[in-house]
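Subject: Structure handover

Hello,

Here is the structure for you to look over. My notes on what turned up follow below it.

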Amino acid sequence: MKNESGEASVEEENQKQPKEAGKFIKMKKFTFIMGIFLVIFLTAGITTIALTFGDEKVESLAPDKHAEFEKLYSTYDKIKDDYYEEVDEEKLVDGAINGMIKSLDDPYSAYMDKKEASSFHESISSSFEGIGAEIQEQDGQIMVVSPIKGSPAEKAGVKPNDIILSVDGKSVEGLSSSEAVLKIRGEKGTKVDLSISRAGESEPIKLTIKRDTIPIETVYAEMLDDGVAKIQVTSFSEHTVQELKTALEEMAKKDMKGLVLDLRGNPGGLLDQAIEMASLFIPNGKVVLQVEDRSGKKDVYKSENDGELKIPVVVLIDDGSASASEIVAAAVSESAHIPLIGVKSFGKGTVQTAQDFEDGSNFKYTAAKWLTPEGNWIHKKGIKPDITVKLPDYASLPYISPDKELKASDSSSEVKAAEEMLKVAGHDPGKIDGFFDEATKNAVTAFQREQKIKETGTIKDDTTVKLMQVIREKILKNDTQVKKAVEVLKKEINK
C-alpha cells in the first residue's frame, strides 16, 4: 500500500519486519519522544533568558524590516512621554504622515484626515456646499485652477491662477489644498472673505462670497445659429460621459451640423471619464493617451468608439483647462485632428490615485504621468491651441464687493475697475486712473438712470451688482473664442 507521497506506510513496514525487529522499533519511538521533550526544554530555556534580559534581546533576534523609521518612533515616544503637555496621539500620527507627503514637494499629493477625506469624496460624486472653485497648493501657496461654471466663485470674478492669500482674515500660506478647502467651504448662505493676489494687480483683491450648493452637473448644451451646437463640460465627475451622450442626442434632434466642445475653465476630474469622452471623437483603435510609471513602463489606452461622430468638431481651451480636460484636448487634436481654439491650457500632466484608511482618512499621491497619443508630456507647459484667440480685456476685470461703497474722492484699484466697467457699459468716466472724481460720479449717475436704480452717484449694493451683470452679459455676447469656433465650423459645414 502506498500513501500520497508514494512511500510505504508504517503499518506495511511493520508487517514486513522479523520478530527481532520489535525492540528496534520501540527504541526509535522512545528516542523520538525524548527528542520532543528536549526541544520543549530548550525552547522554554531560551524564552526565559529572553524575558530575563528584556525586550532588547528579543528584538535582536528579529531584525527590523523598517530600521529607517527608528528616528520616527523615537521622536514619537519622546514627545508622547516627555512633552510638557498632554498630546493628541492621533494628531501626531496625522502630522507625521502629512510631513512625509509634503516632503515630496508635489502639489497633487496630500494627506487628508477624516473630515478632509469626506470633503474630497463629496467633490467627486455629489453636490457640496461652498464657493465652487478648484484649487491646488503650489510652492506653499493656494492657487485657483478654475472656478466651476455658474458657481459663486465664478460670479464673484475668481479667475484661474489667482493666489488665495487669506480666508476670513487668516493666512492660508503653507496649508495643503485639502486644509484650505475646509476653511473655504461652509454651509449654504454663509459668507467667506477671501484676499486674492492676481497677476497685473498691485494690491490684493478683497472678495466676500456667499456660499451656495454646488451641484455636480457637468454638461451644458445649447444650439447656436446655423446648426452649430455648443456643449460645455465643466468637470469630469462620475456621470459626465453619460451627460454628454444625452446632450449630443438632444442636439442631434435639433439638427446639429457642427459642434463646439467647450472645455474652458474645466479643472479635470476622473481619468476613466476623460478616456471614455475622448473616445467618442476618436476613430476606433487609435491612441487616446499613454500612462507611464516611474520605471518607464507605459500603458496605452485606445479608443473603443462604436460610432464615430460624423460632424465637424472644434474644441475650446483656456488657462483654466487642466488635467482630464487636457487629456481630451490633446487626444482629439493628435488622434482625430480636431482643431483647438483659445489660449494655452493649464499644464497638468500627472495622474493621482487615492489610498483609503480604515478610520476614514486617506491620502492621494501622484502614481504616474500621462502622455499625449504622440508621447508628449505637457506638464507645466500646457497645450497650445491651433488658433489662438483671447477674450476681450474687460473679461479679466476684477470683482467689486457690493458691500463696499465707492464714492467721490476715493482712490483705489476697485475704483479703477469700476471706471473700466462704466466705460464698457457706455458711460464715460473720464480718465481711468482709480480716482473717483466728478466725471466718474456723472458716469455712475447716468448708469443708474439707465438701469432705473436710485441715483446716488455712488457705487454700492444694487449699482455694483448691476454693473458687473452688464459686463458679464457683454462678455457672453462678445465671446470671441466661441465666435471663432463657429466661423471655423461653418467653413467645414459648407464644404
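A nonpolar core here means a set of buried Ala, Val, Leu, Ile, Met, Phe, Trp, Tyr and Cys residues joined through side-chain atoms within 4.5 Å. Please keep in mind that this is a predicted model.

Cores

The largest nonpolar core has 41 residues. Phe281 and Val328 have the most contacts inside it.

What does Val328 touch, leaving aside neighbours within four places in sequence? Its contacts are Phe236, Leu261, Leu263, Ala274, Met277 and Ala278.

The open sheet

Now the strands. An open sheet is formed by 6 strands, with mixed pairing. Their order is β10-β11-β12-β15-β16-β19. The edges are β10 (219-223) and β19 (387-388). Each has a single partner strand, so one side of each is left without a neighbour in the sheet.

Strands β15 and β16 (residues 340-342) run parallel and are joined by 3 bridges. Val315 has Leu340 in β16 as its bridge partner. Helix α11 packs on this sheet and touches β12, β15 and β16. The direction of α11 makes about 130° with that of β16.

The hairpin

Strand β3 (residues 133-138) and strand β4 (residues 141-147) run antiparallel, with 6 bridges between them. Opposite Ile135 stands Val144 in β4. The hairpin has 2 residues between the strands. Asp139 takes a positive phi there, near 55°.

A helix pair

Two packed helices are described by the angle between their axes and the distance between the axes. How do α13 (residues 438-450) and α14 (residues 462-477) cross, and at what angle? Their axes come within 11 Å and cross at roughly 80°. Angles of 65 to 115 degrees count as roughly perpendicular, so α13 is roughly perpendicular to α14.

From α13, Val444, Phe447 and Gln448 take part in the contact. They meet Thr463, Lys466, Leu467 and Val470 in α14. By class, this contact has 4 nonpolar, 2 polar and 1 charged residues.

Best wishes

How values were computed
Residues numbered from 1 in each chain as written. Predicted model: local features only at pLDDT ≥ 70, side-chain atom pairs only at ≥ 80, totals over all residues. Heavy atoms only, no water. Pairing = 2+ DSSP bridges. Helix = DSSP H or I, 4+ residues; strand = E, 2+ residues; numbered from the N terminus. Buried < 20%, exposed > 50% of the residue type's maximum accessible area, 1.4 Å probe, protein only. Contact = heavy atoms within 4.5 Å. Axes fitted to C-alpha atoms, helices over the stretch in contact; angles between N-to-C directions. Parallel < 35°, antiparallel > 145°, perpendicular 65-115°, else oblique. Nonpolar A, V, L, I, M, F, W, Y, C, P; charged D, E, K, R; others polar.
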